[in-house]
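Let me put the thing up on the screen and we'll walk through a few spots together.

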Amino acid sequence: MKTGKTVADGGFLTGIACGTLAAIIWGAWPVVSKLGVGQSLGPTDIAALRFGVAGLLLLPLIMKKGLGGLRLWQVLLLATGAGIPYVLVTIAGLTFAPAGHSGAIGPAVMLMCTTLGGWWLLGEHPGRRALGLFTLLGGVLLIGLNNWSAGANGNDSWIGDLLFIGSGVLWASYTVLVKRWSVPPLHATALVAVTSMIAYLPLYLVATGGVPLRQAPWQELLLQGGFQGICASFLALLLYSKAVSLLGAGRGAIFSALVPGAAIVFAYPILGETPGPLELAGMALVTLGMIQALGLIRRRRIAAISNG
């Protein structure tokens, strides 16, 4: 007897779709940011565009709903994990190390910290996902191995690597806390964007007077403002928060493992970075590990038994 799709199955598939789309956008983020840093804009300018656009876009929602029952310190912690500190740390790292380092180190650190944090604070025991998580980490390390061994950007690349470790820890804190406090996805996105805009934009304007933005070509401003402010800061964070709300912090974090592969795909046409054999092998391991960690194989078996 066929049972049909349950509500839970629909939520599971929706969570996978949201997480995958968010990972694709974030895979493009270090590539587009690296492109901006290499042109007219610096890390602080890109951060101003990101949260200036997203903050203004989502300000009406915050004016209507306020903090949504959260205390100010909780909002500040969420904004620290996914807002201006996270962005500045990551983009600063890109000035020392290549985008490939960011795509490999950040997701690996974030995945491990979220798994441990979810286990400790949320009671989400990794269980059967452990094998998939180790497979994912192996794939991420393979993807980054080629860049690390090449010693790109000289001896200072270790500074960028340390910054990417910090960004992974920050993002993991957001993932766990947004689930622990049951913050609705859209509201969490708005809180991060508006808080970051209020905290950062006045300081940026006082320090620079907006001169870097006025001197940059309008095409660059349009690309960085649109991608950073709408795609990376608003759309991707909304999709990711939705995935976490549907799948849990531990499973939601798994999608970070797709970021290195997506970064490789985007880096080839945009930055001219050709993936090597190790990176391609890493992408295959990441795919396999994600299937294992999400329990897709087991769910297919259960569905087949139920339907047969």
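Predicted model: local features only at pLDDT ≥ 70, side-chain atom pairs only at ≥ 80, totals over all residues.

Residues are numbered from 1 along each chain as its sequence is written, and side-chain values use heavy atoms, with hydrogens and water left out.

Back to Ser182: its phi is positive, about 50°, and yet it isn't a glycine. Most residues other than glycine have a negative phi. Ser182 is at 60% relative accessibility, so it counts as exposed (over 50%; buried is under 20%, partly exposed in between, with a 1.4 Å probe and protein chains only).

Now, buried or exposed: what about Gln228? It's in helix α10 (residues 218-247), and it's buried, with a relative accessible area of 0%. Its side chain makes a polar contact with the side chain of Trp29, at 2.7 Å; that term means a pair of N or O atoms within 3.5 Å, and within protein one must be able to donate a hydrogen and the other to accept it, while residues adjacent in sequence count only if both atoms are side-chain atoms. Leaving out residues up to four places away in sequence, Gln228 touches Trp29, Ser33, Ile46, Arg50, Leu223 and Ser233, with contact meaning heavy atoms within 4.5 Å.

Key: Helix = DSSP H or I, 4+ residues; strand = E, 2+ residues; numbered from the N terminus.
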